[in-house]
Amino acid sequence: MSPGSGDGWLQRRQRPLFLLASGLSTTGSFAGLTAKGWILMAGTGNPLLLALHFAALALPSLVVSGRAGVLTDRLGCERVLIRSQWGLFAGAALGALAIPLLQGVAQVVLLLLSTLVVGVSSSFELTARSKYCSLLVERPEQVAPYLASFSVVFNVGKLVGPPLGGWLVALSGPAMALAIDAASYLLPIATVIWLLRPHRELEQGSAGGAGASLGAAWRGCGPTLRHVLRFTTVACLVGFFHPGLAPLIAAEVIGPSPQALGLFTSVLAAGSIVGGVVLQRNSRALSERPALLLGGCAVAVALAQLGMAAVSGGPAALAMALLLGAGTAGLLAGSNLILQVGAPMALRGRMAGLGQIAFLGGGGVSGLVAAALAMTVGLPSTFALLGGLGLVVGMLELGRKGALRLRSA
């Protein structure tokens, strides 16, 4: 095979290669997060510490996602993507070292620091990756289904990773799960550096000055995308706390073992896969109806939360978890899809950054609020209160903005 034909083979297969590398990395990442969550829950039994763990992953987006978007548009998405992936590897390696080297409070602190480094790096990685996907497609109309495919791959990783992490903790201890998490980041690094051939000539960046700021992107994206960002933030504030409290929820719904946590998070992931597949197959039509898509997903999440408050466990609770996963996947992946498809290429890095602030920042705050409520009034009442608020938010969106079209911006 000549060099030219080899490049042609890679050009035709670079989209599935990137999806595969990202999926394997996601699997390792969720195995590691599950192991960390179980370590913290087993060692302390403190729901607030679990919320802090998720907040360390999610809340950095409030601080750095804007900067990540600006740098992605200014320096180029490929450069930012590679650097952020090395940051992810470093953060995961810290967690792997915490288990054999430290104990007690020092171990907890290093685990939280590891998650914080991963959270900061993830804000850059997710922002750059959203724009990078536009350089891997041949035609603009392929962007929407390709971005939606990442939701499916991400949630397959969420499905496989937690039980893998649970079983690794049970069979060989948490150090193995965290080591696999760290090693999994090397594959996407190698793929981006050596295998992919993106259409770099298609990238449109920004120059320096006021026009390259996050505020300029907010003003320039149009009223529809600004509404999408506002609604996503509100919906996540009331409905995106379950990742941070998953060990607590699993312990009350199924049992305290790491396998129970793996089962619960896998059911969430299975629902997310369903939501992601529906979005992927209808990506163009749904992205054109942002309020209908996001409002409907918010209602689904709220109904699942209300169902979790009403049931006592068993299959009914797992069914609610399935619905919760589907609604959340549609809300988060749908928001990112709308922002990328609806924004000009020169703004897509910053729009991805604003989206990160909306759903990861909102989710981090939601986890802290839900943890405080769970410690005060109990988990069922927390589900009931936040689910009721989410239902009001979703129904108002459908009633007031249901006819909104993306291209009217």
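This is a predicted model: local features need pLDDT of at least 70, side-chain atom pairs count only at pLDDT 80 or more; totals for chains, interfaces and linings use all residues.

Visitor: Okay. Which helices each supply at least two residues of the nonpolar patch?

Guide: Helix 3 and helix 16 do. The patch is on the surface and is formed by Leu62, Val63, Leu237, Val365 and Val369, with about 400 Å² of accessible area together. Patches take residues with over 30% relative accessible area and no salt bridge; like charges are joined within 9 Å, and nonpolar side chains (Val, Leu, Ile, Met, Phe, Trp, Tyr) within 5 Å. The areas come from the Shrake-Rupley method with a 1.4 Å probe, and for residues only the protein chains shown count as cover.

Visitor: And valine 369, is that buried, partly exposed or exposed?

Guide: Partly exposed, with a relative accessible area of 40%. Buried means under 20%, exposed means over 50%, and partly exposed is in between (1.4 Å probe, protein chains only). Valine 369 lies in helix 16.

Visitor: What about glycine 363, buried or exposed?

Guide: Buried, at 0% relative accessible area. Glycine 363 is also found in helix 16. Leaving aside neighbours within four places in sequence, glycine 363 is in contact (heavy atoms within 4.5 Å) with Phe54, Cys236 and Phe240. Phenylalanine 54 is 309 residues away along the chain, yet the two C-alpha atoms are separated by 8.7 Å.

Visitor: Switching to the inside: how many residues does the largest nonpolar core have?

Guide: It has 63. A nonpolar core here is a set of buried Ala, Val, Leu, Ile, Met, Phe, Trp, Tyr and Cys residues joined through side-chain atoms within 4.5 Å. The ones with the most contacts inside the largest core are Phe18, Tyr132, Tyr146, Leu225, Leu331 and Met351.

Visitor: What does leucine 225 contact, leaving aside its neighbours within four places?

Guide: Ile338, Leu339, Gly342, Ala343, Met351 and Leu406. There's also a second, separate core of 40 residues, which includes Ala35, Val169, Ala304 and Ala370.

Visitor: Now charges. How many salt bridges are there?

Guide: The count is six, where a salt bridge is a side-chain nitrogen of Lys or Arg within 4 Å of a carboxyl oxygen of Asp or Glu. Take lysine 131 and aspartate 73, whose closest N and O atoms are 2.6 Å apart. Lysine 131 sits in helix 5 (residues 104–132) and aspartate 73 in helix 3 (residues 60–75), so this pair ties together parts 58 residues apart in sequence.

Visitor: Are those two buried or exposed?

Guide: Both are buried: lysine 131 is at 0% relative accessibility and aspartate 73 at 1%. Aspartate 73 also forms a salt bridge with arginine 350, at 2.8 Å between the closest N and O atoms. Arginine 350 is in helix 16 (residues 348–377), so that pair ties together parts 277 residues apart in sequence. Arginine 350 is buried as well, at 2%.

Visitor: Which residues do the salt bridges that share partners join into one network?

Guide: Asp73, Lys131, Glu203 and Arg350. Another salt bridge joins arginine 200 and glutamate 78 (2.7 Å, N to O). Arginine 200 is partly exposed at 48%, while glutamate 78 counts as buried at 15%.

Methods. Residues are numbered from 1 along each chain as its sequence is written. Side-chain values use heavy atoms; hydrogens and water are left out. Helices (H or I, at least four residues) and strands (E, at least two) are DSSP runs, numbered from the N terminus.
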